[in-house]
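Work through the exercises below with the model open. Each task is followed by its solution in steps.

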Amino acid sequence: MSAFALKVKSKNGQQIIKDLTSDSTVGELKMFLYSVSDISVDRLCVLCGYPPKPLDISNDTKTLGEIGLKTGETLIVEEKAAVSPVAAKPPEPKPTKPVENGVASHETLVPCRPGILMKKVVPSDNSCLFTSIGFVLNGSVDTTVHTLMRQIIAAEVASDLETYNEAMLGKPNSEYCMWIQQPSSWGGAIEVAILSRFYGLEMAVVDTLNAIINRFGEDKNYGQRVFLLFDGVHYDPLYLEQSDGGIQTMFPAEDMEIYREAEQLAHEAKSSRQFTDLNKFTLKCMICNTFLTGQAEAQKHAKDTMHTNFGEV
């Protein structure tokens, strides 16, 4: 494993990256490029060599050595042009029943969406938020993605002490950065907002406790939207199961039909009480193995013992 330096040229000027090695992954490279260029990873266009040619950064798990990157090379980072929304075609006339006895029928055949919005259950291992986001990004459950996402969040928080102050984080900035990188730490609204910006996606969190949808990145005009289901404690991703067996996890931001389906799902889940009552759910202190019921007991235990590492049961 050899360390190497890369020179990066972007709209923010020229920087040197020295924290990578030949065994670092493309995903880690993207994290650094995002931090120096402020370009979300889905819009990164990286040129390398002479004359500059596009560098293939499509596979996050490949190493820098595998994609042929060498120490001392210069990377030119540009932002891909935003894809303009395709103008909506005027609705085609809906077919009607044939004229019968000289009178046309008013019944119409209403086309239906090829699929149904479903929940993919992911493990309750304190990293359910990150696993869920990994699923909507890649279409598969990977319980290791939380490591990179925690690093992305810590890097973002450490780079902006003014925004991410103690009042927002609930703890000092440096303490938070260490805390969020621990596998036992849960993610929430702060982490969703950061990852929404990093991946350049609107993340719609379907809250079944309150039957509402909280949209992260709504004001950024992102072209794509993903859905996460939140029951008060646990996150699961939502996807569209199609009739041919395939799945869809990303949807055009202007697709309000699928958004309304997610809203309906939230209302149905609340009415059938498919949410976690924060006063009754069970936690385990990972330090002394004490079982605790409800948020109030967990907070009291933390205050009395200074133990703050809890796991879902």
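**Exercise 1.** State how far α1 is enclosed, and which of its residues are buried.

Solution. The buried set is V26, G27, L29, K30, M31, F32, L33, Y34, V36 and S37. Just after α1, D38 has a positive phi of about 60 degrees.

The model is predicted: local features need pLDDT of at least 70, side-chain atom pairs count only at pLDDT 80 or more, and totals for chains, interfaces and linings use all residues. Residues are numbered from 1 along each chain as its sequence is written, and side-chain values use heavy atoms, without hydrogens and water.

**Exercise 2.** Find which residues touch the most other members of the largest nonpolar core.

Solution. A nonpolar core is a set of buried Ala, Val, Leu, Ile, Met, Phe, Trp, Tyr and Cys residues joined through side-chain atoms within 4.5 Å. The largest has 54 residues, and L33, L69, L75, L195 and Y199 touch the most other members. Helix α1 (residues 26-37) gives the most to this core, with seven residues.

**Exercise 3.** Determine how α3 and α6 are oriented where they pack.

Solution. Helix α3 (residues 146-158) packs on helix α6 (residues 189-199) at about 95 degrees, their axes 10 Å apart; axes are lines fitted to C-alpha atoms over the stretch in contact, with angles from 0 to 180 degrees between N-to-C directions. That makes α3 roughly perpendicular (65 to 115 degrees) to α6.

Technical notes. Buried means under 20% relative accessible area, exposed over 50%, partly exposed in between (1.4 Å probe, protein chains only). Helices (H or I, at least four residues) and strands (E, at least two) are DSSP runs, numbered from the N terminus. Angles under 35 degrees count as roughly parallel, over 145 as roughly antiparallel, 65 to 115 as roughly perpendicular and the rest as oblique.
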